Amino acid sequence: MRAIVLVGGEGTRLRPLTLHVPKAVVPVVNRPMMFLILSWLKSHGISEVILSACYKTDILKKVIGRSFQGMKIDYIYEKSPLGTGGAVKRAEQFIDGTTVVMNGDILTSLDLSAMLKFHREKRSGATIALTPVSNPSAYGVVETARGGSVLRFLEKPSPEEVAGKVLNINAGVYIIEPGMLALMKDGKVYSIERDIFPKFIGDGFFGFVSRNIYWMDLGTVAKYSKACRDILEGSYKIKGLEVIGKNVKLGRGARVVKPSVLGSGTYVGENSRIGELSVLGKNCAIGKNCVVERAILWDNVKIGDNCVISDCVFAGGVKVGASSSVSGETVLGEGTVLAPYSRLRSK
Ligand code: GDD
Ligand code: MG
């Protein structure tokens with residue numbers, strides 16, 4: 001079976017992390033977000049994936065490639081963004097049978113196989129995965145009848161409307177039949193959530209509710225960091241996680257506090273402490289007498305001696321001068337250079 005994954009967004013809420021790379025390539029515990037999604041799709045029998053791309057397509061293609069664990073990967077591009085609906089319409093040539101369509105920023109343990117079974121049993125035209133969340137205003141809120149028919153789809157209700165409520169939301173995974181795209185014209189911009197789903201209501205449109213699953217939209221820095229911590233703590237399990245990469249070297253008295261992950265070629269200077277809950281990418285270099293805790297450092301980050309780095313995300317190649325302190329959810333974009341004795345705290 002085929003899956004179409006929407007990866008054309010600019011990842012604005014992840015900036016500056018997405019200034020140089022598309023969201024799908026953002027490393028989640030040292031592997032591109034898309035690899036985690038592809039592993040999940042593969043585990044449910046998907047054999048072919050079409051990435052619907054628009055932003056930073058060269059990097060996307062270079063990093064993700066043409067195959068993944070035996071799955072075939074193809075690409076379809078938009079010159080300018082067609083929105084989540086227009087992008088699916090553009091991929092119509094690939095939708096010649098029951099097809100999975102999903103957002104490209106979802107980390108989940110959702111049972112896609114059970115969802116497919118439900119879709120078939122209901123003879124559904126389109127099935128949408130739902131999961132309950134509290135304060136759901138950042139999502140599409142979906143009401144269903146007893147048998148699962150969708151009664152209402154409301155994209156991003158105002159916070160006042162849903163404050164304090166636990167409601168089923170669109171989990172960003174759909175199963176669709178080819179005929180369902182007839183509502184859209186080629187080349188036009190549509191939001192599948194605002195323009196299309198409301199029109200499906202009453203016409204074989206079902207919601208598949210999953211409780212007690214892991215589900216996270218990695219579209220903001222806070223949720224991205226949370227997902228990384230969840231993986232470190234084991235609440236989302238990934239296969240073959242390399243805790244300490246090849247050629248990692250620790251200076252005398254240096255310590256790594258679990259759970260933490262260090263990418264290959266990384267060096268930790270004398271008497272420094274890494275962790276807990278830190279991820280260091282490949283070829284990072286941490287000076288002497290440093291503390292790096294609850295921090296996500298991408299590849300090639302260099303930290304001078306006597307620094308304290310906590311609760312931060314640094315993109316690749318960041319350099320922090322000696323005796324600096326960076327904390328409080330600070331996010332630094334690729335290649336940022338901080339002078340020695342810098343003091344940075346975002347919150
Ligand atoms: N090809 C293409 N073209 N892809 C796009 C476009 C476009 O114009 N616009 C967005 N995308 C991709 C993004 O890259 C992302 O993977 C996915 O579509 C969803 O976009 P987001 O920007 O992440 O949407 P959201 O998180 O605010 O809301 C969506 O996801 C929620 C669940 O995580 C909606 O589908 C909500 O209803 C849903 O609850
Ligand atoms: Mg999202």
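**Reading loops, sheets and ligand sites**

Guide: Start with a loop. Pro16 sits in the one between strand S1 (2–6) and strand S2 (27–28). Keep in mind that this is a predicted model.

Visitor: Which residue does a cis peptide bond join to Pro16?

Guide: Read the omega angle. The cis bond joins Arg15 and Pro16, with omega at about 10 degrees. A second case comes later in the chain. The peptide bond from Lys258 to Pro259 is cis too, with omega near -10 degrees. Pro259 is also a loop residue, between strand S16 (255–256) and S17.

Visitor: Next, phi. What is the phi of Asn300?

Guide: Asn300 is not a glycine, yet its phi is positive, about 60 degrees. Its place is the loop between strand S23 (296–297) and strand S24 (302–303). Ser323 is another non-glycine residue with a positive phi, near 60 degrees. That serine lies in the loop between strand S27 (319–320) and strand S28 (325–327).

Visitor: Is Ser323 buried or exposed?

Guide: Compare the relative accessible area with the cut-offs. Under 20% is buried, over 50% is exposed, and in between is partly exposed. Ser323 has 17% relative accessibility, so this residue counts as buried. Asn300 has 37%, so it is partly exposed.

Visitor: On to the sheets. What is the strand order in the open sheet of 6 strands?

Guide: The order is S15-S18-S21-S24-S27-S30, and the pairing is parallel. Strand S15 (249–250) and strand S30 (337–338) are the edges, each pairing on one side only. Look at one edge. S15 pairs with strand S18 (residues 267–268) in the parallel sense, over 2 bridges. Leu250 has Val268 in S18 as its bridge partner.

Visitor: Which strands form the open sheet of 5 strands?

Guide: Read along the order again: S17-S20-S23-S26-S29, with parallel pairing. Strand S17 (260–262) and strand S29 (331–332) each have a single partner strand, so one side of each has no neighbour in the sheet. S17 and strand S20 (residues 278–280) pair in the parallel sense over 3 bridges. Within S20, Leu280 is the bridge partner of Leu262.

Visitor: Now the metal. Which residues coordinate the magnesium ion (ligand 2)?

Guide: Look for donor atoms around the ion. Asp105 (OD) and Asp217 (OD) coordinate this magnesium, at 2.1 to 2.3 Å. Then ask where each aspartate sits. Asp105 is in the loop between strand S7 (99–103) and strand S8 (106–108), and Asp217 is in strand S14 (residues 215–217), so the pair ties together parts 112 residues apart in sequence. Both Asp105 and Asp217 are buried.

Visitor: How many residues surround ligand 1?

Guide: Count the neighbours, then pick out the closest. There are 26, and the closest are Glu78, Glu155, Lys156, Glu193 and Asp217. Asp217 is also one of the magnesium's coordinating residues.

Visitor: Which polar atom of Glu155 lies 2.6 Å from an oxygen atom of ligand 1?

Guide: For Glu155, the polar atom belongs to the side chain. For Gly83, a polar backbone atom is 2.7 Å from an oxygen atom of ligand 1. Leu82 also has a polar backbone atom facing such an oxygen in the list of contacts, at 3.4 Å.

Visitor: What share of ligand 1 does the protein bury?

Guide: Take the ligand alone as the reference. Alone, ligand 1 exposes 740 Å², and the protein buries 91% of that.

Definitions and conventions:
Residues are numbered from 1 along each chain as its sequence is written. Chains are lettered from A and ligands numbered from 1 in the order in which they are written. This is a predicted model: local features need pLDDT of at least 70, side-chain atom pairs count only at pLDDT 80 or more; totals for chains, interfaces and linings use all residues. Side-chain values use heavy atoms; hydrogens and water are left out. Donors are N, O and S atoms within 2.8 Å of the metal (3.2 Å for Na, K and Ca); water is not among the atoms, so sites may look incomplete. Helices (H or I, at least four residues) and strands (E, at least two) are DSSP runs, numbered from the N terminus. Buried means under 20% relative accessible area, exposed over 50%, partly exposed in between (1.4 Å probe, protein chains only). Two strands pair if DSSP finds at least two bridges between them. A residue is near a molecule or strand if one of its heavy atoms lies within 4 Å of it. A polar contact is a pair of N or O atoms within 3.5 Å; within protein, one must be able to donate a hydrogen and the other to accept it, and residues adjacent in sequence count only if both atoms are side-chain atoms. Accessible areas come from the Shrake-Rupley method with a 1.4 Å probe; for residues, only the protein chains shown count as cover.
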